[in-house]
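Dear colleague,

I am handing over the structure below, followed by my notes on what was found in it. Please read them beside the coordinates and tell me where you would look further.

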Amino acid sequence: MEKEQKYANRFIQVNAGIIGPCDAKPKTVVYKRIGDYPATPRAYLDVAKNYSSPLVIGPPVCDELIALVQHMFTDEEARLVRHLKPYPFGKTAAKVARKENRPEAEVRAILNRLATEKRVIVAHGPEDKKLYDTLPIVPGTFEMALMRPTLDTLTDWHRQFAVLFEALWETGFLVDFLRFPNPAVRYLPVMRTISALPVAWPSDKLEAVLDRYDIFAVGLCQCRMTEKVVERECGRPLENCTVFGSAARAVIKAGMMRQVEKQEILDIKAKAEASGLVSWMFNEESGKGPAGSCSCCGCCCHMMRTVSEFNMPGMIAPPHFIPEFGAAACDHCGKCAKACPMGAITVDAKGKTVVHQAQRCVGCGLCALACEKNRAIKMAEVPGYKKPPAGWASLLVGVAPNMVRNAWNAWRAR
C-alpha cells in the first residue's frame, strides 16, 4: 500500500474555523469581434473564428484566443489551417492546396508537420487520401499538443502554449457550456473503498474496467503539467494519464505515451490515489472505441476546476455512491473537507456542523479515507442510480440535446 502524503488543494480555504470551498470565480472573458483586430493578419482571424464556434465548445473571439492562435501557427500555417473543419469533416491536402493555389506536396508537408510534430491538427486515412481536421481547443488540441511520456520533450513552444491556454481557460468561457448537464465522464470510487462497498458494480472497479482491454499506455497529465509550467503545481504525481485499447496503440506508435502492462496501470493509480487523486472514465460501458483515464485533483484538473473553481458540475456524471456523515463520531476536524477534490464539503469547526453539497460530489470516497480514524463517514449507494450508457452511441444520444442547448446558450451570451 502506498504511503499517503499530504497535499493542499488551493481552492479549499480555512477561514474563522470554517473549512470549505473558496467562493466561485466570476467569468471574466471579454467578448470581441473579428473587426476589433484590424492589425492582425486575416489568416489568424479566420482560424480564431473557426475555433470560436459554439458547436465545438469554442471560446469566443477574445484577446486570449487570438494570442493562442498566433502562437499555435505561423502565418503560413494559419493560411492553410483556416480551410480545415472540425473532426471528422476533414479535407485532403489537395483541396487545401487548391484553395491557396499552392503545390500539393508543399501543403501536405506542412499539414503533416502540424499533425505529427506540433500535434495541433489531426490526420487520418491512407497517405494518398489522408484527411486533415482541427479539434476543439479543449477537449482536444490542448491534450494532443501536450501529451507526452516525459518532461524532457517539453520545448519553449510547448511551455508558451501552456501559458496561453491557461490564460484562455481562466476567463471562464466554459461556463457558457455547462448550464445544462453534459455528463461525458464519471469518477470511480478510490480502490481502497471498494471492499467496503459490496453493492459496487464492475463499472465502479478500475481493475474490472481494465479487463476489457488488451493494451495500455501511460503518459503525463497535461493539466498538472500546465500548472507546473505556470508555477502553481500541487506536487502530486504527473505520470497517471492512461489510454487503453486501439487508442493506446495509436499514442504508443506516435511516441506520445509509453506502453505498460495492466498491473503497472493499477500500481500507478494506487500511487495517485494515495496522493489524493481520483480517476475518471468515459461514461460508457462498451469497452470499445476511445478509452482512457487520468487521475485528477481539484486544484489542477481543468475538468474538476469547472467545479472547484467555477462551481459548474455539468461535465461529470452523478456518482453511484455519496458520503453519509455520522454525527456521533464526528469531531469536526475538517479532514474530510480538506480531502475533497471538489470542495463538496464544508465543516464549521466552531459551530460543529457539516454541510455536504451533493451536486458537487463525484463519489470518490476520499473523504471517508480521510476519516478512517473516527469512521464518521461511510459511502452509501445513491437510490435509483442508473448504470452508465451501454456504448458510445447511447452516450452521445443521451448528451446530444444538452450539448445543443449549451451551444445555443453560449451563442446567445455572445
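Searching the whole structure for disulfides (pairs of cysteine sulfur atoms within 2.5 Å) gives zero. The sulfur of C296, a residue that is buried at 3% relative accessibility (buried means under 20% relative accessible area, exposed over 50%, partly exposed in between, with a 1.4 Å probe and protein chains only), lies 3.6 Å from its closest cysteine sulfur, that of C301, which is too far for a bond. C330 is likewise in no disulfide, the nearest cysteine sulfur being that of C336 at 6.4 Å.

This is a predicted model, in which local features need pLDDT of at least 70 and side-chain atom pairs count only at pLDDT 80 or more, while totals for chains, interfaces and linings use all residues. Residues are numbered from 1 along each chain as its sequence is written, and side-chain values use heavy atoms, with hydrogens and water left out.

Beyond its neighbours within four places in sequence, Y187 is in contact (heavy atoms within 4.5 Å) with residues including W280, C296 and C301.

With regards
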